Amino acid sequence: MSRVEVRNLWKEYGDQVVLERITMDVAPHSFVSLVGPSGCGKSTFLRMLLSQEKPTRGSILVDGQPLADEPQPDRGVVFQKYSVFPHLTAVENVALGQEFARAPFTGRLFGRARRAALHEAGALLEGVGLGDARGKYPAQLSGGMQQRLAIAQALARKPRILLLDEPFGALDPGIRADIHDLMLSVWWDTRMTVFMVSHDLREAFYLGTRVVAFDRPTEKDASRFGARITFDIALDPAAPIKERLREAEHGSATDELGEELAAMAAQADRDDPAPGSTTRRDDPASRDGETA
Amino acid sequence: MTRLVNRHPDRPTRLLLAMLPFALLIAAYAIGSDLRLAENPNDKLLPSFRALGDAIERMAFTPDKRTGDYLLWVDTVASLTRIGGGVAIATVFGLLVGVSVGLLPYARATLGGFLSAVAMIPPLAILPILFILFGLGELSKFVLVFAGIGPFIARDIAMRVAELPTEQIIKAQTLGASTWQICTRVVLPQVWPRLMDSVRLSLGAAWLFLIAAEAVASQDGLGYRIFLMRRYLAMDVILPYVAWITVLAFSFDWLLRALQTRLFPWFALEGGSR
Amino acid sequence: MTNPFKTVFRNTVIAAVAIVAIGLTAAAPAAQAAERTSFKLAWSIYVGWMPWGWAADTGIVDKWADRYGIDIEVVQFNDYIESINQYTAGAFDGVTATQMDALGIPSVGGVDTTALLIGDFSNGNDALILKDGDAVEDVIGRNVNLVELSVSHYLLARALETIGKAERDVTVVNTSDADMIAAYQTDDVTAVVTWNPLVAEILSMPNATKVFDSSDIPGEIIDLTVVNSETLADNPALGKALAGAWYETMSIMMSDTEEGRAARAAMGKASGTDLAGYDMQLASTKMFFDPAEAAAFGASADLKTTMDSVRTFLFDHGLLGDGAPSADVVGIEFADGTVMGDAANVKLRFTTRYMDMAADGDL
């Protein structure tokens, strides 16, 4: 559970500006959905949160401290694919974090320590519904199971922030609904602050306590202007839209819903006084006790 | 009528088809040999199967008149020692350099270009330099095999390591891995089966370089014997030697592949060997 | 159950076998017993055989072939052994070879071969060279790098014989001639036996002493132009054309004229040196410029002694065939009609007939 402050962040590759003037405060235990068209820099933003890339200008503070300049166990990640290690079984994948932590030289635990780590990892696997698959290699798991495994693996080091890069984009709708529920309960139980990049507005609204959209301001000279935050909507879990999304999620999807979300986004876009100077509108603390 | 692309031979037919080219070759040899022997009973180019059998008997199971050694086995041990040594050094080198270049940007910046360039040098073209540096003894034979395949393996491994998804390396870091831990737990275990592939691919070249090395200067070895016998067109000895080398090379290939499947079951699941 | 596929399959197999077999036998002996008009001679780079290249280039070979109404294609090989192997396999009607290799390869391989022309004998071109040593005795116990089973090997055996030693007193390391010079520069190598121009090259290095050479066994390493006996019997024109071309070339080459120097310079250039270098190699070669001299050498009793020594060497090294009970297994016929070894299996023949014709101006 961490507060994340993004201060006037710019990212440029040579002459090309990818992101500019990104400023936002994220309260502890938020679930931030990052949306926007392809190439708008949302994944770049996520990589900066991960310290995989460095901002050209500006800074990111976590609980008031600047980010370390390389990836650390305080921030877990689940990618769309390649998140898990193909040469390790499910349980070994999850136990790996503990092995890294406890065996600096060999990176490998033996005997009792190993059994303890595997036991712990097994419990995590149970938690994501993979109790029966502990001895299987990733290639023997379905796409949904692989992403569950990736989530369990990311939780192994108890990160305070979890970064999701289109984690469910490649999954079938039915499987996606189940894994969404898993994700929400994990988020709720661990009190992590979550950032999720998504293509799917419905998913973004359904999971997020806050939906942030990135886009470039003009069509022309696209490369000279970076993407900015074009809307930033706080979503109370009790909001009526959430209820309808929940219904949609579990079967009764309608096309209107998509149109309505798009309209909502457009409205937010117009309302937004100035990109880059958004106000904090979500406050998860006030929603404690509600079911997610 | 089913399309040809959709017609699959059944098991016995497959076996038959697989043996067909071999049978053809042997039949063609037999005919060619008979025709030539009818012309000249002492013909050396395509000796009869009986002459080949006699040569095998003589080389493999009869002590040599002058030295008392069983030549085929002496030659085999000498050659296997050399190729084994050369391939072993090349493998260790290829692994160390390849993983470093593939994983560490500083190593890549330093050695990447050099490695690509060195892998292109035909070692046989710089033989005299190798001799003067390493002498004419056993060492130079290891070195020639090594120089022939070491850079190839290193480059191949560097490419395989670079092909590992960045996501994995990042993921490992978010699990708290150090560079060393990434190397030992993420990269190396995934490199082993690929290293075996790389070695399998370079074995053919290794034999070539071994035979070249033995042709240059030696007192024993399969390549030595072939080049010596060639001087007297003793195809009755050369052909069994060639067959023997083929059998040895094929066995190594098979062994490596079997080991790979057994030791790295996940690799086959992931799509396996190229 | 008749499977049309199987029938097709069987027919395909038969056809394929036939095709491959035909392909293999295409290389079958060119020496069919018949009169022919087109012939092929293979030669390789060596001081005593350079005249063939020059004679072909300058049209002398064509001129003599035309005179006898035949075609002779002269093909240069970069690999001496390969040229002999090709001849033995039947792809060529004639080849340049030492008398030792002529006996050891085509004759043992059942190809009846006639020494048509005796070009020269090595008179210093082959040598045993030592580091840190000045007598044959110093080679004892050393590794000796040489092309195994070649005339170098024979020279070593003869050198050891002169001091009452044998091959077991040294260790022979088979070394490719292409790498001999580089080999000599390594510390591993302290004794080599090789031939010119490698001898000259190695002797120009520091710490290289020639302790024995072919002038110590004069007339024992003989360079021949040989042809298939059967082809020659059916086509004497081939022998006449080759002899005519050869001795015309000899007469030009030996002359101390501008033309002679130009010929030798061209031959030197073709062998990678110049006139001076080539003349130096000629100095350690006893060229038989005069056909009468060559014929006299071919008819001499010394040749028999030499061939006995050579066949014994080959026999000792298992090169007369592995079932060979003695050195007599292959018969060698001499110019006077005597046969050494098995008279029923004569495969190497010395004749002075064509050299005599050249000497007598009968060509």
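Reply: One term to begin with: a crossing is left-handed if the near helix is turned anticlockwise from the far one by less than a right angle, and right-handed if clockwise. Helices here (H or I, at least four residues) and strands (E, at least two) are DSSP runs, numbered from the N terminus. This is a predicted model, where local features need pLDDT of at least 70, side-chain atom pairs count only at pLDDT 80 or more, and totals for chains, interfaces and linings use all residues. Residues are numbered from 1 along each chain as its sequence is written, and chains are lettered from A and ligands numbered from 1 in the order in which they are written.

Me: OK, which hand is the crossing of α4(B) and α6(B), left or right?

Reply: Left-handed. Helix α4 (residues 105-118) and helix α6 (residues 138-163) of chain B have axes that come within 9 Å and cross at roughly 135°. Axes are lines fitted to C-alpha atoms, for helices over the stretch in contact, and angles run from 0 to 180 degrees between N-to-C directions. α4(B) and α6(B) are therefore oblique to each other (under 35 degrees is roughly parallel, over 145 roughly antiparallel, 65 to 115 roughly perpendicular, the rest oblique).

Me: Which residues in α4(B) and α6(B) meet?

Reply: Leu115(B), Ser116(B) and Val118(B) from α4(B) meet Pro151(B), Ala154(B), Arg155(B) and Ala158(B) from α6(B). Contact means C-beta atoms, placed from the backbone, within 7 Å. By class, that contact of α4(B) with α6(B) has 5 nonpolar, 1 polar and 1 charged residues. Ala, Val, Leu, Ile, Met, Phe, Trp, Tyr, Cys and Pro count as nonpolar, Asp, Glu, Lys and Arg as charged, and the others, Gly among them, as polar.

Me: And what does UniProt place at residues 76-256 of chain B?

Reply: An unreviewed UniProt entry puts "domain: ABC transmembrane type-1" there. UniProt positions are in the numbering used here, feature names are shortened, and annotations may be inferred rather than shown by experiment. Over residues 76-256 chain B is 85% helix and 1% strand.

Me: Switching topic: which chains have the most contacts?

Reply: Chains B and C, among the 2 pairs of chains that touch. Chain A and chain C do not touch, and their nearest C-alpha atoms are 40 Å apart.

Me: What domains does chain C have?

Reply: Domain 1 (38-121 + 221-359) and domain 2 (126-216), with bounds from an automatic or database domain assignment. In chain C, 13 residues of domain 1 are in contact with 9 residues of domain 2.
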